[in-house]
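Work through the exercises below with the coordinates open. Each task is followed by a solution in steps.

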Amino acid sequence: MRETLARQQRFGLYLIALFLMSLFSGTPAIAESETTTYHWEIGEEPSGQETVFVPQPIEVEIENTGINAFLTSSASYTLSRRYNVYLSPEWDEDKAYLLLQALQDMTEGYGSHSPPWLRNPSYWILSDVHVAQDIDLGPDVEVAQGSLRTITIASEAFTHAHPFVAKIDGIQGRYFSKRLWRAVLRFATYIPGEGIQHRAIDNMLQRYYGVTVHVPDYEFLTEEPADKFTQFTYEEILGIMIMFEEYPSGMHITPGLKYLIRRAPDPFVKYAARANTGKGFIEFTDKAFIDGITHETQRIILHEKAHFLWAYLFDEHLKTDWIELGEWFYDGERWMTTNQTEFVSDYAHGENPNEDMAESIAYYIVTPDKLRSRSPAKYEFIQNRVMHGTHYISTIREDLTFVVYNLYPDYVYPGEVVRVDVTVKGDSEGKGSKQVTVEIETSPIV
């Protein structure tokens, strides 16, 4: 990742370059001297320093109790009669209604057939303590009528499950979370004792996102034999679904994207994932899931889907404006840019406008503050031109957060260059070889 250097640092390194050029051009830097030295260190004065944008938390002002303010008093009854779902005493009608909505969404597309995960009754316990992934599917319990699933769900999953009317940075809109949807997704796609519900997953992939993991002919699609590919694990395909769901609803089904494929382990394959917008598939490899579903994995998933937005949804005017914003130009062989700092990753800077956009969109959704700090202009472009005002706010459990005081104005990036010393030994007349020693001191990484 490329951190922004202070202008004073860049000026110092520029002087070093000129200094070395003068030594090797045949013109003596200091006449009659066998040893030449150069010293530079960062100054304390503010002049010459580059302004660093440090993003402040986005302010959210909730204006009402939720858009879906009307609650039916029969939500608990409907859950039991229609979905075989029974609630423990601590539930209120608000949470019962939200669970009912989530289950209704999951069961669409099955028609008159009841999904297999509703075949046996389930008893839902609401927990006020943290639950991993917000839901614990628990073991089945044998009762007189058969098997009873015991489900524990975190009350935190219901926070902002209602779309609230709110002002974000003074602009009115909807404010909501997908945590409850993600928890119920696990309930609907895995049954202890039976395993992964492949039919439910296939149904949702096609209905929600217009894709499938079933490839009729690998050789036609990829020009490689079928034994080069394998099936996604449960956590892998769930991670993809969850990330696809994070896009605005109008982007869930993307033109051109038809297949998700998983390459079998291959030590010679170096990439984590790639999008083939011509053939209509995204291919994932072991490299994408090597540490599970991490933030990096989430960004990879979002990045590859973004290529289909570039290929099929973005018009030429939007692409041209993005190219100008990134100062991109094509030199006849490859894309290049004169902008050296306003990129969210090295990969975004080193490839082309398409990759720059895909990287920026992925960071905008998963780690928005990273994009805001690197390039406020690109953040605003994606917010207004791509996401049409949709904001993403990263939140952390309160018990895992802490406050650091007295930072401003002393923001120091780890690895910042604070001193450079150059020593050149050799003939100052430009004859013979020279020995050059460069010593660089950086700020400590704490």
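**Exercise 1.** Which strands does helix H7 lie across, and at what angle does H7 run to S13?

Solution. The model is a predicted one.
Step 1. Locate the helix: H7 covers residues 234-246.
Step 2. Identify the strands: H7 lies across S13 and S15.
Step 3. Read the angle: H7 runs at about 145° to S13.

**Exercise 2.** Give the strand order of the four-stranded open sheet and name its edge strands.

Solution. 
Step 1. The order is S12-S13-S15-S14, and the pairing is mixed.
Step 2. S12 (229-230) and S14 each pair on one side only, which makes them the edge strands.
Step 3. Phe229 stands opposite Arg263 in S13.
Step 4. Ala273 has Phe284 in S15 as its bridge partner.
Step 5. The hairpin of S14 and S15 has four residues between the strands, and Gly280 there takes a positive phi near 85°.

**Exercise 3.** Describe the open sheet that contains S18.

Solution. 
Step 1. Three strands form this sheet in the order S1-S18-S19, with antiparallel pairing.
Step 2. The edge strands are S1 (35-41) and S19 (434-442), each pairing on one side only.
Step 3. From one strand to the next, the twist averages 10°.
Step 4. S18 (residues 417-426) is joined to S19 by nine bridges. Val422 stands opposite Val438 in S19.

**Exercise 4.** Classify the packing of H9 against H11 as roughly parallel, antiparallel, perpendicular or oblique.

Solution. 
Step 1. H9 (residues 316-325) and H11 (residues 353-366) pack at an angle of about 90°, and their axes are 10 Å apart.
Step 2. Angles of 65 to 115 degrees count as roughly perpendicular.
Step 3. H9 and H11 are therefore roughly perpendicular to each other.
Step 4. H9 contributes Leu318, Trp322 and Ile323 to the contact, while H11 contributes Pro353, Asp356, Met357 and Ser360.

**Exercise 5.** Characterise helix H3 and what its buried residues pack against.

Solution. 
Step 1. H3 (residues 93-107) has 15 residues and reaches 21 Å from its first C-alpha to its last, close to the 21 Å expected at 1.5 Å a residue.
Step 2. At the start of H3, a side-chain oxygen of Asp92 comes within 3.2 Å of the backbone nitrogen of Asp94.
Step 3. The buried residues of H3 include Tyr97, Leu100, Leu103 and Met106, and also Lys95.
Step 4. The buried residues of H3 pack against H2 (75-83), S3 (85-87), S4, H4 (179-189) and H5 (198-209).
Step 5. Turn to H2: its buried residues are Ala75, Thr78, Leu79, Ser80 and Tyr83, and they pack against S3 and H3. H2 is followed by Asn84, whose phi is positive, near 60°.

**Exercise 6.** Is Asp134 buried or exposed, and what does its side chain contact?

Solution. 
Step 1. Asp134 lies in the loop between S4 (122-127) and S5 (135-136).
Step 2. Buried means under 20% relative accessible area. Asp134 has a relative accessible area of 9%, so Asp134 is buried.
Step 3. The side chain of Asp134 makes a polar contact with the side chain of Arg179, at 2.7 Å.
Step 4. Leaving aside residues up to four places away in sequence, Asp134 touches Thr152, Ile153, Ala154, Ala157, Arg179 and Ala183.

Note on methods: Residues are numbered from 1 along each chain as its sequence is written. This is a predicted model: local features need pLDDT of at least 70, side-chain atom pairs count only at pLDDT 80 or more; totals for chains, interfaces and linings use all residues. Side-chain values use heavy atoms; hydrogens and water are left out. Helices (H or I, at least four residues) and strands (E, at least two) are DSSP runs, numbered from the N terminus. Buried means under 20% relative accessible area, exposed over 50%, partly exposed in between (1.4 Å probe, protein chains only). A polar contact is a pair of N or O atoms within 3.5 Å; within protein, one must be able to donate a hydrogen and the other to accept it, and residues adjacent in sequence count only if both atoms are side-chain atoms. Contact means heavy atoms within 4.5 Å. The expected span of a helix is 1.5 Å times one less than its number of residues. Two strands pair if DSSP finds at least two bridges between them. Axes are lines fitted to C-alpha atoms, for helices over the stretch in contact, and angles run from 0 to 180 degrees between N-to-C directions. Angles under 35 degrees count as roughly parallel, over 145 as roughly antiparallel, 65 to 115 as roughly perpendicular and the rest as oblique.
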